[in-house]
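Here's a quick tour for anyone meeting this structure for the first time.

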Amino acid sequence: MLTILHAADLHLDAPFASLAPEQARRRRAEQRELLERLAALARTQQADLVLLSGDLLDSGETYHETVQALSSALGRMEAQVFIAPGNHDFYSPRSIYAGTRWPENVHIFSTVQVESVELPALGCVVHGAAFTTPLADRSPLMGFAAPRDGRTHLMVLHGDVDGRGRYGPIRTEDIASSGLTYLALGHVHACSGLQRAGGTWWAYPGCPEGRGFDELGDKGALLVRVDGGEVCAEFVPLALRRYGILTVDVSAAPSPEAALLSALPEGTQRDCYRLILTGERETALDLAALEALAAPRFYSLSLRDETRPRRDLWARSDEDSLTGLFLRQMRRRLAEETDARARARLEQAARFGLAALENGEDVP
């Protein structure tokens, strides 16, 4: 059985432009710490292979200490490491991939044509290719077919399955006809889980650390085990910090402060959050005060005010219209109801109904 650690899209030295400069600097340092967690995972799981499917770097502007940290971590993985450079860290004579002395256990694919590395001791062959420019409009899998020689054939690539863009579009038909046992992909930042096309298993591990609010929740790598033609994969969370978005209805509590405090989750001190305030309000919100109230619960916090002024629910009830008829009936039912919870539900139903009748973009 082969044990494989599959990771991609680390985007080391990302600018983290949405954070304050000191926080952004700290986040880049934390990305380098991520390398140690990857190396420790490879060692504790006794990985035979580490497949890194591109975009390890965010751009060609890379700090010297980042290159040192990457090289050192890869050398301590005690496994054969294969890297397929992606569109952000494409291989070129001026890239760090070409200009750095890497540990002996590291192999970097450097051409758009598929290269194959035989590993007799493991009974497998690792195939791979590289981006050599920021764009690639042809799949390296096109026309590829692994020989049926009894060995396990793996491939590491950066590309976009069923994509129509210029970032290595890969057709599922090509995956199905490739003859590979497992295709380790990078480029998509959400974990795909284990997928299958024909007899070939494939997956995106997603990025191991979120960098913005388009990369929410737990992030990590895949621990893949291959036993003959059988493949299983386990997602392993690795992110030090998570990104989250939380919507808070300020109209459902005695005050916006109370609504905010009651909605805040626990255990988020390390995380970056965006809070979206919705619902109706009596007066304008003091966003600065609300942010000061919630900020200690997070590493980074931003607030968005999407509330609207409270309106008189029954203002149109005297109209000779469908809206007026609806409101009069709802008001009558509300007057007849004595249970407080039922009254609250009726009022909410009236607000939803009024929004629907007015063809409003939002609902209460």
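A salt bridge here is a side-chain nitrogen of Lys or Arg within 4 Å of a carboxyl oxygen of Asp or Glu. By that rule, the structure holds 19 salt bridges. Keep in mind that this is a predicted model: local features need pLDDT of at least 70 and side-chain atom pairs count only at pLDDT 80 or more, while totals for chains, interfaces and linings use all residues. Residues are numbered from 1 along each chain as its sequence is written, and side-chain values use heavy atoms, with hydrogens and water left out.

**Salt bridges**

- Some background: side chains of opposite charge can pair when their charged atoms come close.
- Asp13 and Arg32 join through their side chains in a salt bridge, at 3.4 Å from N to O. Asp13 sits in the loop between strand 1 (2–7) and helix 1 (21–44), and Arg32 in helix 1, so the pair ties together parts that are 19 residues apart in sequence. (Helices, H or I with at least four residues, and strands, E with at least two, are DSSP runs numbered from the N terminus.)
- Is Asp13 buried or exposed? Asp13 is buried, at 7% relative accessible area, and Arg32 counts as buried too, at 18%. (Buried means under 20% relative accessible area, exposed over 50%, and partly exposed in between, with a 1.4 Å probe and protein chains only.)
- Glu36 pairs with Arg76, and their closest N and O atoms are 2.3 Å apart. This links distant parts of the chain, with Glu36 in helix 1 and Arg76 in the loop between helix 2 (64–75) and strand 3 (80–83), 40 residues apart. Glu36 is partly exposed at 35%, and Arg76 is partly exposed at 32%.
- Glu118 and Arg151 form a salt bridge of 3.6 Å, N to O. Glu118 belongs to strand 5 (residues 115–119), while Arg151 is in the loop between strand 6 (124–128) and strand 7 (152–158), 33 residues apart. Glu118 is exposed at 51%, and Arg151 is partly exposed at 32%.
- Arg27, Glu30, Arg37, Glu209 and Arg241 are linked in a network of salt bridges.

**Nonpolar cores**

- A nonpolar core is a set of buried Ala, Val, Leu, Ile, Met, Phe, Trp, Tyr and Cys residues joined through side-chain atoms within 4.5 Å.
- Which residues touch the most other members of the largest nonpolar core? They are Leu74 and Ile83, out of 33 residues in that core. Among the elements that each supply at least two of its residues are strand 2 (49–52), helix 3 (96–99) and strand 13 (220–227). Helix 1 gives the largest share of this core, six residues.
- Leaving aside residues up to four places away in sequence, Ile83 touches Leu52, Leu56, Leu74, Tyr97, Val106, His107, Ile108 and Phe109. (Contact means heavy atoms within 4.5 Å.)

- The buried residues of helix 7 are Thr323, Gly324, Leu327, Met330 and Leu334. Down the axis of helix 7, these fall within an arc of 130°, so they line one face of the helix. (The arc is that of the directions from the helix axis to the C-beta atoms.)
- Helix 8 (340–357) is included in what covers the buried residues of helix 7.
- On the other side of helix 7, Leu322 and Glu336 are exposed.
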